[in-house]
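Please read the points below alongside the chain and its ligand. They go through the ligand shell, the sheet, the helices and the core in turn.

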Amino acid sequence: MVSEAKISIKLALLGDAGVGKTSLRRRWMGESFKESHLPTIGVDFSVRIVHEENTEVEFQIWDMSGQDLFRPVRERFLANSQAILYVYDVTNPLSLERLRYWNQEARVAIGGDRYQNVCSLLVGNKIDLVSNSKETLPRAREILRELTACGSSEEDKAIFLTSALTGENVEEVFTYITKKMVKRILLNKQES
Ligand SMILES: Nc1nc2c(ncn2[C@@H]2O[C@H](COP(=O)(O)OP(=O)(O)OP(=O)(O)O)[C@@H](O)[C@H]2O)c(=O)[nH]1
Ligand SMILES: [Mg+2]
């Protein structure tokens, strides 16, 4: 029997306070949805094991507070991130613009050279609250161009519209990032 390879992925959730980072994490972890906003204090952490291409993937999720005051804490935990979900709220256009700020914070914490290897995805959350969430996509594409996407020719695929409330597209986000990261890590292993 061929034993599975084992890898771990350190994924950070970044975005303004209240956009739904914790709700997305909880949804993917199979936990219940909370109606009230309980702000994350500093950083929350979850681990989930998934399997992809004969590889066991330990997904470490670092769920960051969106409040300014926790910047020093975030920086410490961001430093080793391999993937980042930049989350905005589709009902709040400012939260989409603010992803440029979050990108700067991540670049500084991770370091310019290393940031080039980080896999970034944009997630527009709370689509259950609007009938036209796709209207945010043109601007989201522009902003994503400034970030490092998971393969620049696949920009469209690196933007997901989700609802942590209904669960729509949440699994797809994590499946996408798993496939991308496993492919990349296995490729790097072969080359080294
Ligand atoms: N309708 C709807 N509400 C959502 C959704 N996701 C989150 N919320 C609500 O938005 C509020 C904030 O959600 P959180 O997940 O705590 O936000 P956060 O980004 O983790 O916030 P901080 O930890 O303060 O940075 C809560 O009241 C959630 O119930 C969603 O997809 N749809
Ligand atoms: Mg939170």
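1. A residue is taken as near a molecule or strand if its C-beta atom, placed from the backbone, lies within 6 Å of it. On that basis 24 residues surround ligand 1, and Gly20, Thr22, Ser23, Thr40 and Gly66 are the closest. The model is predicted: local features need pLDDT of at least 70, side-chain atom pairs count only at pLDDT 80 or more, and totals for chains, interfaces and linings use all residues. Residues are numbered from 1 along each chain as its sequence is written, while chains are lettered from A and ligands numbered from 1 in the order in which they are written.

2. The shell around ligand 1 divides into seven nonpolar, twelve polar and five charged residues. Here Ala, Val, Leu, Ile, Met, Phe, Trp, Tyr, Cys and Pro count as nonpolar, Asp, Glu, Lys and Arg as charged, and the others, Gly among them, as polar. Helix H1 (residues 21-28) gives the most to this shell, with three residues. Helices (H or I, at least four residues) and strands (E, at least two) are DSSP runs, numbered from the N terminus.

3. Six strands form an open sheet with mixed pairing, in the order S2-S3-S1-S4-S5-S6. Strands count as paired if DSSP finds at least two bridges between them. S2 and S6 are at the edges with a single partner strand each, so one side of each has no neighbour in the sheet. From one strand to the next the twist averages 25°; axes are lines fitted to C-alpha atoms, for helices over the stretch in contact, and angles run from 0 to 180 degrees between N-to-C directions.

4. S3 has partners in both senses. With strand S2 (residues 43-52) the pairing is antiparallel, over ten bridges, and Ser46 has Ile61 of S3 as its bridge partner. With S1 the pairing is parallel, over nine bridges, and Lys6 is bridged to Glu56 of S3. The hairpin of S2 and S3 has two residues between the strands, and Glu53 there takes a positive phi near 50°.

5. How much of H1 is buried? Six of its eight residues are, so H1 is largely enclosed by the rest of the structure. They are Lys21, Thr22, Ser23, Leu24, Arg25 and Arg27. Buried means 20 or more other C-beta atoms within 10 Å of the residue's own, exposed means 12 or fewer, and partly exposed is in between, with C-beta atoms placed from the backbone. These residues pack against S1, S2, S3, S4, S5 and H7. Just after H1, Gly30 takes a positive phi of about 80°.

6. The largest nonpolar core has 43 residues, of which Leu11, Leu13, Leu14, Tyr86 and Val87 touch the most other members. Such a core is a set of buried Ala, Val, Leu, Ile, Met, Phe, Trp, Tyr and Cys residues joined through C-beta atoms within 7 Å. S4 provides the largest share, six residues. Beyond its neighbours within four places in sequence, Leu14 contacts Met64, Ile84, Tyr86, Val87, Trp102 and Ala106, a contact being C-beta atoms, placed from the backbone, within 7 Å.

7. Asn117 sits in the loop between helix H5 (112-115) and S5. Is this residue buried or exposed? Asn117 is exposed, because 12 other C-beta atoms lie within 10 Å.

Definitions and conventions. Contact = placed C-beta atoms within 7 Å.
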